[in-house]
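Hello,

Please find the structure below. My notes on it follow.

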Amino acid sequence: MFQPNHHQEPQPQPLAVMDVDQSEMSIVQWDGTQNGGFSQAQSMMLNSKKLQDDLQNLGLKIKQHENNLKLLKNQKNKLDDSILDTQVTLSKYHSSAATGTENEERTSQSEEETIKQILQYGPSAASIWCQLRANHTSYASYPTLTKDVIGIVATLGRVDDDNLSRMLSQYLGVETMLAIVCKSYEGVKALETYDREGHINKESGIHGVGASFGTALNGSFSVICLEDLRPYCGEFVLDDPQRRLDLLKPKLSTGESPPGFLGFAVNMINVEYMNLFFLTSSGHGLRETLLYNIFSRLQVYKTREDMLLARPCISDGAISLDGGMIRHPGIFSLGSWKEMNIRFPRSSASSAPSKYSETEKQLMEMRWKKEKMEEDMKREQALLDAARHQFQRKKEEFVKFLAESSSYAAQVTPPLSCLG
């Protein structure tokens with residue numbers, strides 16, 4: 001008997017594609033969108049580069065406008081100084097012309113008259129020195145003394161205006177005006193010697209000179225040793241034969257020079273030609289040693305009203321040609337002045353400069369240039385403000401773009417499980 005056949009037909013199996021899990025499905029779907037996403041990413045990269053280029057160009061434009069504005073400001077400051085110097089020159093003339101009658105009545109003081117006033121002042125070291133200088137025979141007898149002494153403060157400079165001479169003398173006082181000026185400490189030692197007990201030797205130095213003239217020197221006197229002074233260490237006015245100090249001119253809060261400012265006293269003293277090239281052993285002249293130490297940055301104004309209005313600009317005192325005086329900031333000298341006969345000699349008689357009209361024309365031209373320069377500065381400032389505004393807007397646009405790009409990248413980037 002035959003056995004029944006138990007062979008069974010094979011059952012149909014599902015296709016392999018049906019076994020694809022969800023992660024594989026995701027890969028297929030992402031691959032399907034890849035081409036479109038690449039085009040959008042490329043577009044975003046181009047936009048990013050364009051925004052960055054725009055920001056860089058605006059930054060360069062801002063830098064250029066800032067440099068232009070800085071250059072214009074520097075040029076304007078130099079022009080302001082030139083205008084002020086020209087105004088000072090013209091103001092000196094106007095001041096002298098306005099007080100011409102008064103000066104004629106007083107008679108301008110010459111060096112000879114200054115020396116005469118020193119001699120009449122009474123027995124003093126300064127008067128004895130003047131007598132010695134006038135007596136050539138005696139002068140040669142004191143080589144140790146005479147080789148180091150330069151002279152008396154009142155005789156070592158000249159001024160262009162009698163009112164200025166009077167006020168500078170009032171500011172310094174008699175003791176300083178009569179001070180003897182020495183090159184080094186050797187001159188100080190030669191002026192006065194002492195015995196073993198420390199008493200003054202009346203037979204040597206300036207005391208001995210006075211005794212030889214029949215003049216007994218009593219009381220004290222001032223001596224200035226140039227080598228021991230702390231000199232001015234800044235720059236000098238270019239191409240100035242008088243080697244005036246290049247001091248920073250006072251400025252109001254508006255940036256303008258105070259009205260009526262005539263200059264610094266240290267630069268308004270004219271050093272005599274014979275002393276102009278004098279140098280100490282350390283290489284410093286009379287202006288940066290003697291004059292700078294007795295006047296410092298003393299400012300000179302045309303009127304008391306001008307001086308008082310300029311108080312915020314005054315750092316080391318000020319005087320005005322009509323009698324005002326601020327010895328130090330906050331310290332005022334009031335009342336009427338007792339006339340001082342010992343004054344700085346007057347320079348040659350003041351008269352209208354030979355090129356006065358030309359100087360006025362130059363002043364007008366400089367003022368016109370200043371106006372044009374201020375217009376250029378305003379225009380440059382407007383361009384700078386506009387460039388900064390554009391930069392800020394472009395920066396905000398770029399920041400917004402970065403935020404949107406970051407959001408898009410998060411949407412199109414496949415999950416990490418797809419990349420495993």
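Predicted model: local features only at pLDDT ≥ 70, side-chain atom pairs only at ≥ 80, totals over all residues.

Residues are numbered from 1 along each chain as its sequence is written, and side-chain values use heavy atoms, with hydrogens and water left out.

**Whole chain**

Accessible areas come from the Shrake-Rupley method with a 1.4 Å probe, and for residues only the protein chains shown count as cover. The accessible surface of the chain is about 25,800 Å², with 53% of that belonging to carbon and sulfur atoms. A residue is called buried under 20% relative accessible area, exposed over 50%, and partly exposed in between (1.4 Å probe, protein chains only). Of the 420 residues, 39% count as buried. Contact means heavy atoms within 4.5 Å. Taking contacts between residues at least 6 apart in sequence, 71% join residues at least 24 apart.

**Annotated coiled-coil spans**

The unreviewed UniProt entry lists residues 48–82 and 356–397 as "coiled-coil region". UniProt positions are given in the numbering used here, feature names are shortened, and annotations may be inferred rather than shown by experiment. In the model, residues 48–82 are 100% helix and 0% strand, and the end C-alpha atoms of this span lie 51 Å apart.

**Salt bridges**

A salt bridge here is a side-chain nitrogen of Lys or Arg within 4 Å of a carboxyl oxygen of Asp or Glu. The count by this rule is 13.

- E66 and R388 form one of them, with the closest N and O atoms 2.9 Å apart. This pair links distant parts of the chain, since E66 is in helix 1 and R388 in helix 13, 322 residues apart. E66 counts as partly exposed at 31% relative accessibility, and R388 as partly exposed at 37%.
- D53 and K49 meet at 3.0 Å, N to O. Both lie in helix 1 (residues 22–98), four residues apart, about one turn of the helix. D53 is partly exposed at 30%, and K49 is partly exposed at 49%.
- K189 and E186 meet at 3.3 Å, N to O. They are three residues apart in helix 8 (residues 185–191), and so are separated by about one helical turn. K189 is partly exposed, at 38%.
- K76, D80, E256 and K370 are linked in a network of salt bridges.

On the spacing within helices: an α-helix has 3.6 residues a turn, so residues three or four places apart point the same way.

**Helix 9 and H207**

Helix 9 is largely enclosed by the rest of the structure, because six of its eight residues are buried. The buried residues are G205, I206, H207, G208, V209 and G210. They pack against helix 4 (125–134), helix 6 (143–146) and helix 8. Just after helix 9, G214 takes a positive phi of about 75°.

H207 sits in helix 9 (residues 205–212) and counts as buried because its relative accessibility is 5%. A polar contact is a pair of N or O atoms within 3.5 Å; within protein, one must be able to donate a hydrogen and the other to accept it, and residues adjacent in sequence count only if both atoms are side-chain atoms. The side chain of H207 makes such a contact with the side chain of E192, at 2.7 Å. Leaving out residues up to four places away in sequence, H207 touches L191, E192, I200, N201, K202, L217 and F221.

**S169**

S169 is part of helix 7 (residues 162–177) and is buried, at 0% relative accessibility. Its side chain reaches the backbone oxygen of S165 at 2.8 Å. Beyond its neighbours within four places in sequence, S169 is in contact with M177, M340, I342, R343 and F344.

**Nonpolar surface patch**

Patches are made of residues with over 30% relative accessible area and no salt bridge, with like charges joined within 9 Å and nonpolar side chains (Val, Leu, Ile, Met, Phe, Trp, Tyr) within 5 Å. L308, F332 and L334 make a nonpolar patch of about 310 Å². L334 is in the loop between strand 10 (331–332) and helix 13 (356–412), and counts as exposed at 76% relative accessibility.

Regards

Technical notes: Helix = DSSP H or I, 4+ residues; strand = E, 2+ residues; numbered from the N terminus.
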